[in-house]
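I opened this entry to keep track of what I looked up, element by element.

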Amino acid sequence: MDSLIHGFHNMSIEERRKLIKEFSGLTEEDMETMDYRMPMDAAGNMIENVYTVMDYPVGIATNFRINGKYYLIPMSLEEPSVVAACSNGARYARPGGFTAYSTASLMRGEIELYNVPDPDYAIIKILQNKEKILEMANTRSRTLSSLNAGAKSIEVHYVNNELIVNLVIDVADAMGANIINTMLEYVSGYIEELTGAKSNLRIMSNLTTERITYAYAKFDGKKLGRETVERIIMANEFAKHDIYRATTHNKGIMNGIDAVLLATMNDFRAQEANAHAYASINGYGPLTDYREDSDGNLIGSIKVPVAVGTVGGATKTSKKAMLAMKIMKISGSTEFATVLASVGLAQNFAALRALADEGIQSGHMKLHARNIAIAAGATGDMIEKVAGEMILRKNISYTAAKEIIEKIRG
Ligand code: MEV
């Protein structure tokens, strides 16, 4: 079933659910999960000092085609316009959709050694014994070893009177934080013995320069018009040369990526840190790039580190997060990464298109007005009528919506 759906936003919640069920082959139990609420004791087992749970809305981004496969993508966030813009961005990328690739899941863990008696000697001792260190680390995960993944190599550098040992670990379909930290703590005693140094921090790095995802799309030049194509490219150049703009540009990318991470209960803070650190490696700049092809289409691309797992992690402890993964029909972490990068590109394109064209406020205002109309009790066709009238009156407020609803109802 194609994910290109016209008028999804005009459907009722029930109609949307029916469509998602059909698209993703959901069961009755999955449908019940849509109304599930995490019990207090489950929440209390997840974090400390719990007194309630938070209600974030979850919407669906439509129209995605990634590496030939159709996706409906759950997104959770508090900001209006993002889900609509993302779906719109994906629509402009049709018919080809997104082409994306994610590298192997190589991550780094760091051991900080201080009081190093003889750094030159210590580096050699670590490297001479690297096979033994890797073997020791790999005893911590039978799963990774059985997949021919796990600790792969060691790098050592001396900075600021300290020796930093990096373990490079293939974490396969995991996000990796737990296993990396376990491995580091396990081998650090042996490294202390080898070097006569003391270890301080033993912790994964959230910068994953060896776990990168690429996505590419051709946005329809005819639909965009030549001026908009040129303005988007100009906007991207602006971001390359102005850190104030680059920050906002990348924030827009993360609007999409974080929203999918939230819907699937993944660590979006890790992804934020990763993306922004990566964007700053050669001086802070945009994570996307744009150019025009010889047919006048806009070619967009993104290169972003994405460290997400599909095994372990909090996703498995949340029924709704599991359901979000099922809706996307994702099989492994590299596929998930290609979805996230494509969402980031679609989101960024949509923001630049709106900014380079009509500006984002009109779209924002329309959605804001719809939300107020719904909050005031408008349903079905009345939502658009009430929202439209409030925009005309230049008064988007709960009181105005109530008054218009009463007037329509007579
Ligand atoms: C708003 O949340 C995100 C944008 O500011 C991104 C951008 O300016 O590219 C619209």
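My notes below go from the cores to the sheet, then to helix packing and single residues. I am working from a predicted model.

**Cores**

I began with the largest nonpolar core, which holds 57 residues. I asked which residues touch the most other members of this core. They are Phe-64, Phe-98 and Phe-219. I then looked up where the core residues come from, and helix 14 (residues 333–356) gives the largest share, 11 residues. I also noted a second, separate core of 35 residues, with Leu-113, Ala-122, Ile-126 and Met-204 among them.

I went back to Phe-64 and left out its neighbours within four places in sequence. Its contacts include Phe-98, and also Ser-342, Val-343 and Ala-346. Cys-86, Ala-90 and Arg-94 are in contact with Phe-64 as well.

Strand 3 pairs with strand 8 (residues 212–219) over 5 bridges, in the antiparallel sense. Opposite Tyr-101 I found Tyr-214 of strand 8.

I traced an open sheet of 4 strands with antiparallel pairing, in the order 5-6-4-7. Which strands stand at the edges? Strand 5 (150–159) and strand 7 (198–204) do; each has a single partner strand, so one side of each is left without a neighbour in the sheet. From one strand to the next the twist averages 20 degrees.

Next I looked at how strand 4 (residues 106–114) meets strand 7: the two run antiparallel and are joined by 5 bridges. In this pair Tyr-114 stands opposite Lys-198 of strand 7.

I then looked for helices on this sheet. Helix 8 (residues 177–195) packs on it and touches strand 4, strand 5, strand 6 and strand 7. The direction of helix 8 makes about 160 degrees with that of strand 7. Helix 5 (residues 119–128) lies across strand 4, strand 5 and strand 6 (162–170), and runs at about 175 degrees to strand 5.

I also listed the buried residues of helix 6 (residues 130–138): Ile-133, Leu-134, Met-136, Ala-137 and Asn-138. What covers them includes helix 5, helix 8, helix 7 (142–146), strand 5 and strand 6.

**Helix 4 against helix 14**

I asked at what angle the axes of helix 4 (residues 82–92) and helix 14 cross. They cross at roughly 100 degrees and come within 7 Å. Helix 4 is therefore roughly perpendicular to helix 14.

I read off the contact from both sides. Helix 4 contributes Val-82, Ala-85, Cys-86, Asn-88, Gly-89, Ala-90 and Tyr-92. Helix 14 contributes Val-343, Ala-346, Gln-347, Phe-349, Ala-350 and Arg-353. By type, the residues of this contact divide into 9 nonpolar, 3 polar and 1 charged.

I looked up Arg-353 of helix 14 on its own. Is Arg-353 buried or exposed? Arg-353 has a relative accessible area of 10%, and is therefore buried. Not counting residues up to four places away in sequence, Arg-353 touches Asn-88, Tyr-92, Leu-224, Thr-228, Ile-232 and Glu-358.

Ser-87 lies in helix 4 and is buried, with a relative accessible area of 9%. Leaving aside its neighbours within four places in sequence, I found Ser-87 in contact with Ile-60, Ala-61, Thr-62 and Asn-63.

**Val-58**

I turned to Val-58 in strand 1 (residues 58–66). Val-58 is exposed, with a relative accessible area of 54%. Beyond its neighbours within four places in sequence, Val-58 is in contact with Pro-74, Met-75, Ser-76 and Ala-263. I also noted Lys-320, which is 262 residues from Val-58 in sequence and 9.9 Å away in space, C-alpha to C-alpha.

**Strand 9 and strand 10**

Last, I looked at strand 9 (residues 288–292) and strand 10 (residues 298–305), which run antiparallel and are joined by 5 bridges. Glu-292 has Leu-298 of strand 10 as its bridge partner. The hairpin has 5 residues between the strands, and in it Gly-296 takes a positive phi near 85 degrees.

Key: Residues are numbered from 1 along each chain as its sequence is written. This is a predicted model: local features need pLDDT of at least 70, side-chain atom pairs count only at pLDDT 80 or more; totals for chains, interfaces and linings use all residues. Side-chain values use heavy atoms; hydrogens and water are left out. A nonpolar core is a set of buried Ala, Val, Leu, Ile, Met, Phe, Trp, Tyr and Cys residues joined through side-chain atoms within 4.5 Å. Buried means under 20% relative accessible area, exposed over 50%, partly exposed in between (1.4 Å probe, protein chains only). Contact means heavy atoms within 4.5 Å. Two strands pair if DSSP finds at least two bridges between them. Axes are lines fitted to C-alpha atoms, for helices over the stretch in contact, and angles run from 0 to 180 degrees between N-to-C directions. Angles under 35 degrees count as roughly parallel, over 145 as roughly antiparallel, 65 to 115 as roughly perpendicular and the rest as oblique. Ala, Val, Leu, Ile, Met, Phe, Trp, Tyr, Cys and Pro count as nonpolar, Asp, Glu, Lys and Arg as charged, and the others, Gly among them, as polar.
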